[in-house]
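Subject: Structure handover

Hello,

Here is the structure I said I would pass on. My notes on it follow below.

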Amino acid sequence: AASRAAGVRVLPDAPDAGLNAAFRHGAAGAAAGWVAGITADVPALRPAELAGALLAAQNGRPGVRRFLPDAPGAGTVLLTAGPGVPLDPRFGVGSAVAHAASGALPLDGDWPSLRRDVDTAADLAAATRLGLGPRTAALVAAGRTARAAG
């Protein structure tokens with residue numbers, strides 16, 4: 001509801017066939033122009049870092065998809081494509097290599113909160129050190145309280 005109120009076009013996950021199918025569906029349903037897919041597990045994300053990465057992608061070589069590897073370097077947190085360029089997502093284990101092999105170029109930049117996705121408890125600890133958003137911070141605190149009481 002908040003996204004719609006802000007003017008965002010929201011599409012149902014009609015393919016219901018996994019992350020890559022959802023990204024392809026979303027990109028196909030987007031208006032002409034730039035499209036970006038970002039993973040949902042970046043709880044420390046700072047809007048300025050996302051804006052910086054998107055600007056870097058738009059200022060890069062035309063006609064080339066761009067991706068941002070996660071902090072460890074094996075995964076992908078962001079994939080972009082310019083006008084007329086298919087998004088062609090390759091998310092999953094080893095996605096950074098898969099995106100590079102498909103012709104996408106990595107983005108260079110210092111965006112630690114964007115690159116910090118959370119796949120493990122250690123990843124969550126690293127994201128916590130960067131600073132979590134209020135809802136994730138509340139969940140982490142509740143988990144600590146439950147463990148302490150248990």
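In these notes Ala, Val, Leu, Ile, Met, Phe, Trp, Tyr, Cys and Pro count as nonpolar, Asp, Glu, Lys and Arg as charged, and the others, Gly among them, as polar. By that scheme, the lining of the largest pocket divides into 14 nonpolar, five polar and two charged residues. The model is predicted, so local features need pLDDT of at least 70 and side-chain atom pairs count only at pLDDT 80 or more, while totals for chains, interfaces and linings use all residues. Residues are numbered from 1 along each chain as its sequence is written, and side-chain values use heavy atoms, with hydrogens and water left out.

Pockets. A pocket is an open set of points on a 1 Å grid over the protein atoms alone where a 1.4 Å probe fits, with protein on both sides within 12 Å along at least five of seven lines; lining residues have an atom within 4 Å of a point. A volume is the space filled by probe spheres set on the points. The largest pocket holds about 620 Å³. Among its 21 lining residues, Val8, Arg9, Val10, Gly26 and Ala36 are the closest to the centre. Helix H2 gives the most to this lining, with six residues; H2 and strand E1 (35-38) each supply at least two. Helices (H or I, at least four residues) and strands (E, at least two) are DSSP runs, numbered from the N terminus.

The second largest pocket has about 180 Å³ of space. Its lining has 15 residues, with Gly75, Thr76, Gly92, Ser95 and Asp117 nearest the centre. That lining divides into five nonpolar, six polar and four charged residues.

Strands. Two strands pair if DSSP finds at least two bridges between them. Strand E2 (residues 66-69) pairs with E3 (residues 76-81) in the antiparallel sense over four bridges, and leucine 68 has leucine 78 as its bridge partner in E3. Six residues lie between the strands of this hairpin, where glycine 73 takes a positive phi near 100°. E2 also pairs with E4 (residues 105-106), in the parallel sense over two bridges; there the partner of arginine 66 is leucine 105. Both faces of E2 are covered: Arg66 and Leu68 on one side, Phe67 and Pro69 on the other, are all buried (under 20% relative accessible area, 1.4 Å probe, protein chains only).

Asparagine 20. This residue lies in H2 (residues 19-29). Leaving aside residues up to four places away in sequence, asparagine 20 touches Pro89, Arg90 and Phe91 (contact means heavy atoms within 4.5 Å). A polar atom of its side chain lies 2.8 Å from the backbone nitrogen of phenylalanine 91.

Regards

Definitions and conventions
A polar contact is a pair of N or O atoms within 3.5 Å; within protein, one must be able to donate a hydrogen and the other to accept it, and residues adjacent in sequence count only if both atoms are side-chain atoms. Buried means under 20% relative accessible area, exposed over 50%, partly exposed in between (1.4 Å probe, protein chains only).
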